[in-house]
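This report walks through a structure for a reader who is meeting it for the first time. Please look over the sequence and the model before reading on.

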Amino acid sequence: MAIEAQQITFSYVTDEVIKNVSLTIEQGEFLGIIGPNGAGKSTLLRILCGILQPRYGIVRIFDQNIKHIHSKRIAQHIGFVCQETHFSLNFLVEDIVHMGRYPYLRAFQKQSKQDHKAVDDACEAADVSQFRKRPINSLSSGERQRVVIARTLAQEPKVLLLDEPTSHLDLYHQSAIMELLKKLNGQGMSIIIVNHDLNLAGLYCQRLILMHRGELYAEGPPQSLLNRETLQEVYHTDVEIIIHPEKKIPQILLK
Amino acid sequence: MNKLLLVSVLFIAAALMGILIGPTALNGEIFQLRLSRVILGVFAGGILAFCGGILQGLFGNPLVEPYTLGSASGAALGGSIGILLFGTINPVFAFLGSLGVGLFVYTIARIEGGLLRDRLILAGVVMSFLCSSLVMVIMVIGGRELYEILYLLMGYLGVIVDSSNRLLIATLIIVSFVLVVFLYRYSRELDIISQGLETASGLGINIQKFSIIIFFTTSLLIGFTVSIVGAIGFVGLIVPHISKLLFGPKHLNNLPASFILGATFLLIADTVSRTITVYELPVGVVTSLVGVPFFIYLYKK
């Protein structure tokens with residue numbers, strides 16, 4: 001089991017944002033977390049990688065209680081990509097990807113051959129090798145997101161968590177990033193993605209978790225979960241569902 | 001790396017200038033006085049600029065400087081109370097003031113499970129205002145001691161180092177250098193924090209713990225500095241920017257450069273403050289007068 005969450009409850013001051021959620025994620029899964037705004041998707045994702053601590057409940061990664069693992073050790077197992085990164089200092093792309101090696105380094109420790117290889121591989125995989133010597137703020141937002149993924153891959157994580165990584169990208173970069181995730185998943189990496197785009201989530205994820213008002217409302221493969229009744233219930237929107245002609249997966253149209 | 005060479009040459013030139021230039025001819029006694037000024041200048045300028053660089057990194061905010069977090073105003077308040085009670089500047093009072101206000105700022109900013117970092121700035125700024133007002137109150141009560149407090153507020157490198165305070169000042173300087181090396185170990189963390197707290201958290205940095213370490217260590221350093229030479233402004237705000245313009249965003253490079261540039265800048269400002277008029281100007285006045293045009297020039301370039 002890659003990640004296991006047991007009866008997680010989380011609250012900001014008094015509002016319960018996550019209510020008694022349990023789930024397990026097997027190694028090698030491609031999991032999508034969907035749901036309306038404010039359903040608790042992003043909070044859940046942050047709890048699964050230890051950025052936020054739940055009020056009640058236990059998170060285990062690879063059968064170890066996350067509370068008892070050193071934060072650098074967690075980062076060696078789990079990579080986290082947020083929606084949009086603001087780069088307040090204009091580092092070179094290469095320097096940013098090197099920061100992904102942080103969990104493996106002590107203060108002042110020089111990067112080893114192995115670190116350099118991990119960075120080269122990460123740049124190659126995320127297709128940012130051609131930008132290596134460019135300052136990060138000279139890239140487009142789609143390219144910057146790929147650099148962030150490269151930095152996260154340099155951590156050599158077994159599980160990759162992404163919070164709406166494509167939400168502000170154009171069609172080309174959306175598909176480029178999703179294809180990249182699919183390839184990584186094919187190589188054995190677990191992918192957990194929070195996504196607002198139900199069609200994109202349906203096309204790429206093997207399993208979906210639907211969050212609603214802080215609770216786990218439903219889970220299952222896209223084929224069964226993405227149906228008119230459930231979406232009507234959760235999103236209060238009447239939709240039309242058609243089947244993707246090639247991939248045979250439900251796609252949602254607004255009426 | 002000829003930028004590094006240039007900076008080192010400038011630094012040595014500034015130190016020599018601090019010893020050689022002055023209204024009176026050089027003799028044994030004058031040499032000793034000026035040497036202690038140069039040592040204090042390197043110490044204060046270096047530490048203020050270094051702490052400025054660290055804090056701008058931690059807060060991801062280019063406007064943060066060592067005095068934003070309240071410890072300098074605390075030192076000024078403590079020092080003023082010392083002057084009111086005993087008639088002279090006393091480093092111990094200044095230091096206690098800085099530590100006290102630092103702890104108070106931390107207590108205000110602390111909340112369970114929240115982001116301490118962002119609350120520290122506001123708490124620090126608010127406390128700075130309170131301390132400044134209290135210093136004004138003391139100046140009004142104190143009346144005739146006003147002149148000494150002015151030097152404490154604007155900074156003054158001409159502290160007389162004699163047998164009564166030599167040991168204390170030497171100890172503070174040595175401890176400060178140890179703390180500077182301790183802080184320098186975190187340059188990699190500061191690089192990462194420039195990409196946001198969640199990114200840093202995701203890479204395994206414990207933000208809460210990190211903020212506390214940086215906040216208290218820099219508060220100590222600033223308390224030491226202000227308690228000896230007063231609250232010299234501007235160095236800690238501007239020098240880190242110049243250092244980043246010259247040496248790039250990596251803290252591994254720009255923090256040591258900040259230290260050397262800060263020392264150089266303060267030495268030059270002190271030489272100017274000693275020589276430009278018959279009366280000696282507080283060095284903090286000169287740092288802004290010289291620094292602002294230079295910064296505008298570099299920034300526009």
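## Terms and a partly exposed phenylalanine

A residue is called buried when its relative accessible area is under 20%, exposed when that area is over 50%, and partly exposed in between. The model is a predicted one, and the values in this report are to be read with that in mind.

Phe93(B), which belongs to helix α4 (residues 91-109) of chain B, has a relative accessibility of 25% and therefore counts as partly exposed. Once its neighbours within four places in sequence are left aside, Phe93(B) is in contact with Gly78(B), Gly79(B), Ile81(B), Gly82(B), Leu85(B) and Phe86(B). The C-alpha atom of Phe93(B) is separated by 24 Å from that of Val38(B), and these two residues are 55 residues apart along the chain.

## The sheet of chain A

In chain A, six strands form an open sheet in which the order is β6-β7-β8-β3-β9-β10 and the pairing is mixed. Its edge strands are β6 (78-81) and β10 (215-220) of chain A, each of which pairs on one side only. On average, and with direction ignored, neighbouring strands of this sheet are turned by 15° against each other.

Helix α5 (residues 141-153) of chain A lies across β6 and β7 of chain A and runs at about 165° to β6(A). Helix α6 (residues 171-186) of chain A packs on the sheet as well, where it touches β3, β7 and β8 of chain A, and its direction makes about 150° with that of β8(A).

## Strand β3 of chain A

How many of the five residues of strand β3 (residues 30-34) of chain A are buried? Five of the five are, so the strand is largely enclosed by the rest of the structure. In a regular strand the side chains alternate between the two faces of the sheet. In β3(A), Phe30(A), Gly32(A) and Ile34(A) point one way, while Leu31(A) and Ile33(A) point the other way, and all of these are buried.

The strand β3(A) is joined by four bridges to strand β8 (residues 190-194) of chain A, and the two run parallel. Four bridges likewise join β3(A) to strand β9 (residues 207-212) of chain A, again in a parallel arrangement.

## Two packed helices in chain B

Two packed helices are described by the angle between their axes and the distance between the axes. In chain B, helix α3 (residues 71-86) and helix α10 (residues 207-229) pack at an angle of about 40°, with their axes 9 Å apart, and α3(B) passes α10(B) in a right-handed crossing. On the side of α3(B) the contact is made by Ser71(B), Ala72(B), Ala75(B) and Ala76(B), and on the side of α10(B) by Ser219(B), Ile222(B) and Val226(B). These contact residues divide into five nonpolar, two polar and no charged.

## Two buried residues of chain B

Tyr67(B) is found in the loop between α2 (28-59) and α3 of chain B, and because its relative accessible area is 12%, Tyr67(B) is buried. Not counting residues up to four places away in sequence, Tyr67(B) touches a set of residues that includes Ala72(B), Ile222(B) and Val226(B), which also take part in the contact of α3(B) with α10(B).

Is His251(B), at 0% relative accessibility, buried or exposed? His251(B) counts as buried, and its place is in helix α12 (residues 251-275) of chain B. Apart from neighbours within four places in sequence, its contacts include Leu89(A) as well as residues of chain B, among them Tyr184(B) and Asp191(B).

## Cysteines

A disulfide is a covalent bond between the sulfur atoms of two cysteines. Over all chains the count of disulfides comes to zero. Cys123(A) is in no disulfide, and the nearest cysteine sulfur, that of Cys82(A), is 18 Å away. Cys205(A) is in no disulfide either, with the nearest cysteine sulfur, that of Cys49(A), 17 Å away. Cys123(A) counts as buried at 0% relative accessibility, and Cys205(A) is buried with a relative accessible area of 5%.

Technical notes: Residues numbered from 1 in each chain as written. Chains lettered and ligands numbered in written order. Predicted model: local features only at pLDDT ≥ 70, side-chain atom pairs only at ≥ 80, totals over all residues. Heavy atoms only, no water. Disulfide = S-S within 2.5 Å. Buried < 20%, exposed > 50% of the residue type's maximum accessible area, 1.4 Å probe, protein only. Axes fitted to C-alpha atoms, helices over the stretch in contact; angles between N-to-C directions. Left-handed = near helix turned anticlockwise from the far one by under 90°. Contact = heavy atoms within 4.5 Å. Nonpolar A, V, L, I, M, F, W, Y, C, P; charged D, E, K, R; others polar. Pairing = 2+ DSSP bridges.
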